[in-house]
Amino acid sequence: MIASSNAGAEKEIEDPVEQMLKKTGCIELHYQVECIAEHQDWRKCQNEVKNCKMVIVVRSDLFMGKGKTAAQCAHAALECCRQTFNNKKKRLMFESWLRCGQPKIVVKIPNEEELLILADKAERAGLITAIIKDAGITQLKPGTVTVVGIGPGSNETIDSLTSKLRLL
């Protein structure tokens with residue numbers, strides 16, 4: 001709500017964004033984001049809402065075609081999202097990530113050993129992680145670890161683990 005003064009009489013004017021959220025049925029979800037729930041004003045929380053991303057890390061030592069790589073990355077993104085369904089805190093981060101355009105960055109890592117070490121560090125940092133193993137039907141042997149999805153999570157936490165990796 002926005003307070004407005006008109007000739008000494010104060011009245012409340014409903015925020016147009018709040019009106020839209022009520023019409024769509026999303027107002028309760030909107031206020032579940034911690035910052036918005038605390039401040040009761042979405043304008044004060046723009047940095048928090050935009051401060052999240054997902055990183056997908058692809059092994060560069062495997063010879064996968066472009067389509068295969070894209071499919072493995074999609075598996076990782078979907079699995080990371082699926083993992084948020086039964087965890088309220090992670091679900092809130094997921095919903096925030098959805099609202100800010102689902103930023104994703106795809107980077108490369110030299111080998112399976114480094115990928116698994118990174119996945120372990122991400123998990124210990126409290127981030128969602130999804131290690132993807134190929135089914136082995138087309139280009140790779142069954143069970144080959146291809147990618148790891150990390151997030152959605154805070155930019156700061158994810159960057160502390162992945163900022164030195166190069167873009168794919």
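In which sense do strand β3 and β4 pair, and over how many bridges? Strand β3, residues 52-59, pairs with β4 in the parallel sense, over six bridges. Pairing here requires that DSSP finds at least two bridges between two strands. Within that pair, V58 stands opposite K108 in β4.

Some ground rules. This is a predicted model, so local features need pLDDT of at least 70 and side-chain atom pairs count only at pLDDT 80 or more, while totals for chains, interfaces and linings use all residues. Residues are numbered from 1 along each chain as its sequence is written, and side-chain values use heavy atoms, with hydrogens and water left out.

Now the sheet. Four strands form an open sheet with mixed pairing, in the order β4-β3-β6-β5. The edges are β4 (104-109) and β5 (129-133); each has a single partner strand, so one side of each lacks a neighbour in the sheet. On average, neighbouring strands are turned by 20 degrees against each other, direction ignored. Helix α5, residues 66-82, lies across β3, β4, β5 and β6 (145-154), and runs at about 40 degrees to β6. Axes are lines fitted to C-alpha atoms, for helices over the stretch in contact (heavy atoms within 4.5 Å); angles run from 0 to 180 degrees between N-to-C directions.

The chain overall has eight helices and six strands. These are DSSP runs numbered from the N terminus: helices are H or I, at least four residues, and strands are E, at least two.

Of the 168 residues, 37% are buried, meaning under 20% relative accessible area with a 1.4 Å probe, protein chains only. C52 is buried at 1%, and C73 also counts as buried, at 10%.

Conventions
Buried < 20%, exposed > 50% of the residue type's maximum accessible area, 1.4 Å probe, protein only.
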